[in-house]
Amino acid sequence: METTATIRGEIARYLQEHGLTINQFAKISNINSGSLSGILNGNRPMSMNQLDQLTSCIGFKEGHFYDKYIFECIFHATPDWRRLGTFLERCAELDKLDCLQLAARMAMENTTYAPMLFELAESFYNEKKYNAAATLYECVAESEKFQHSERLALCHYRLFFTKIK
């Protein structure tokens, strides 16, 4: 296993420093050893749940690897809404707005994500997570600035409303 400045590299370095095998760490982290091996060898994508479990076992605070996860597991793997949506929700929960914004902007390179980002922004808005909602509304509004759509109008209305809150 290579030890570089990646999530996998940091986990491998942790195993090496603590003299743990994959099987031992799998028991500690409560992740199947085959899954853990696949993750560490780069043959299997890492879920948010697995990332959070591994981060906790290593002793880092929640969200420690999120900036790396954006590049390593969302956009350099096959991107899908299931993984991206879960990541954005966790960023909002932990108030990691910088990661939320970066991931949303990268997602908007593919405009098919606009409706899903808008729906997630609406969900955040209804949950009173106004900062997270505003971040997503800005991304959606920026991508639809020439559309004159109802979604664009709602984005601007919600952004206005979040600023006066």
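**Close-up views of a predicted model**

**View 1. Leucine 117 within helix α8.** Leucine 117 is found in helix α8. The structure shown is a predicted model. Is leucine 117 buried or exposed? Its relative accessibility is 0%, and because buried means under 20% relative accessible area, leucine 117 counts as buried. Leaving aside residues up to four places away in sequence, leucine 117 touches Trp81, Leu88, Ala104, Ala107, Met108, Leu136 and Val140. The C-alpha atom of leucine 117 is separated by 8.4 Å from that of cysteine 139, although the two residues are 22 residues apart along the chain.

**View 2. Glutamate 122 and its partners.** Helix α8, which covers residues 114-126, also holds glutamate 122. Glutamate 122 has a relative accessibility of 14% and therefore counts as buried. Which residues does glutamate 122 touch, not counting those up to four places away in sequence? They are Tyr137 and Arg158. With tyrosine 137 there is a polar contact from side chain to side chain, at 2.3 Å.

**View 3. The packing of α6 against α8.** The axes of α6 and α8 are 11 Å apart, and the two helices pack at an angle of about 30°. Because angles under 35 degrees count as roughly parallel, α6 is roughly parallel to α8. The crossing in which α6 passes α8 is right-handed. On the side of α6, the residues that meet α8 are Trp81, Gly85, Leu88, Glu89 and Ala92. Their counterparts in α8 are Met116, Leu117, Leu120 and Phe124. The residues of this contact between α6 and α8 comprise seven nonpolar, one polar and one charged.

**View 4. The packing of α6 against α7.** The axes of α6 and α7 come within 9 Å and cross at roughly 155°. Because angles over 145 degrees count as roughly antiparallel, α6 is roughly antiparallel to α7. Is the crossing of α6 with α7 left-handed or right-handed? Helix α6 passes α7 in a left-handed crossing. Helix α6 contributes Leu84, Phe87, Leu88, Cys91 and Ala92, which meet Cys99, Leu100, Ala103, Ala104 and Ala107 in α7. The contact of α6 with α7 is made up of ten nonpolar residues, with no polar and no charged ones.

**View 5. Aspartate 95 in the loop between α6 and α7.** Aspartate 95 lies in the loop that runs between α6 (81-93) and α7 (97-107). Aspartate 95, although it is not a glycine, has a positive phi of about 60°. Its relative accessible area is 52%, and because exposed means over 50%, aspartate 95 is exposed.

**View 6. Asparagine 30 in the loop between α2 and α3.** Asparagine 30 is found in the loop between α2 (22-29) and α3 (33-40). Is asparagine 30 buried or exposed? With a relative accessibility of 66%, asparagine 30 counts as exposed. The phi of asparagine 30 is positive, at about 60°, although this residue is not a glycine.

Conventions:
Residues are numbered from 1 along each chain as its sequence is written. This is a predicted model: local features need pLDDT of at least 70, side-chain atom pairs count only at pLDDT 80 or more; totals for chains, interfaces and linings use all residues. Side-chain values use heavy atoms; hydrogens and water are left out. Helices (H or I, at least four residues) and strands (E, at least two) are DSSP runs, numbered from the N terminus. Buried means under 20% relative accessible area, exposed over 50%, partly exposed in between (1.4 Å probe, protein chains only). A polar contact is a pair of N or O atoms within 3.5 Å; within protein, one must be able to donate a hydrogen and the other to accept it, and residues adjacent in sequence count only if both atoms are side-chain atoms. Contact means heavy atoms within 4.5 Å. Axes are lines fitted to C-alpha atoms, for helices over the stretch in contact, and angles run from 0 to 180 degrees between N-to-C directions. Angles under 35 degrees count as roughly parallel, over 145 as roughly antiparallel, 65 to 115 as roughly perpendicular and the rest as oblique. A crossing is left-handed if the near helix is turned anticlockwise from the far one by less than a right angle, and right-handed if clockwise. Ala, Val, Leu, Ile, Met, Phe, Trp, Tyr, Cys and Pro count as nonpolar, Asp, Glu, Lys and Arg as charged, and the others, Gly among them, as polar.
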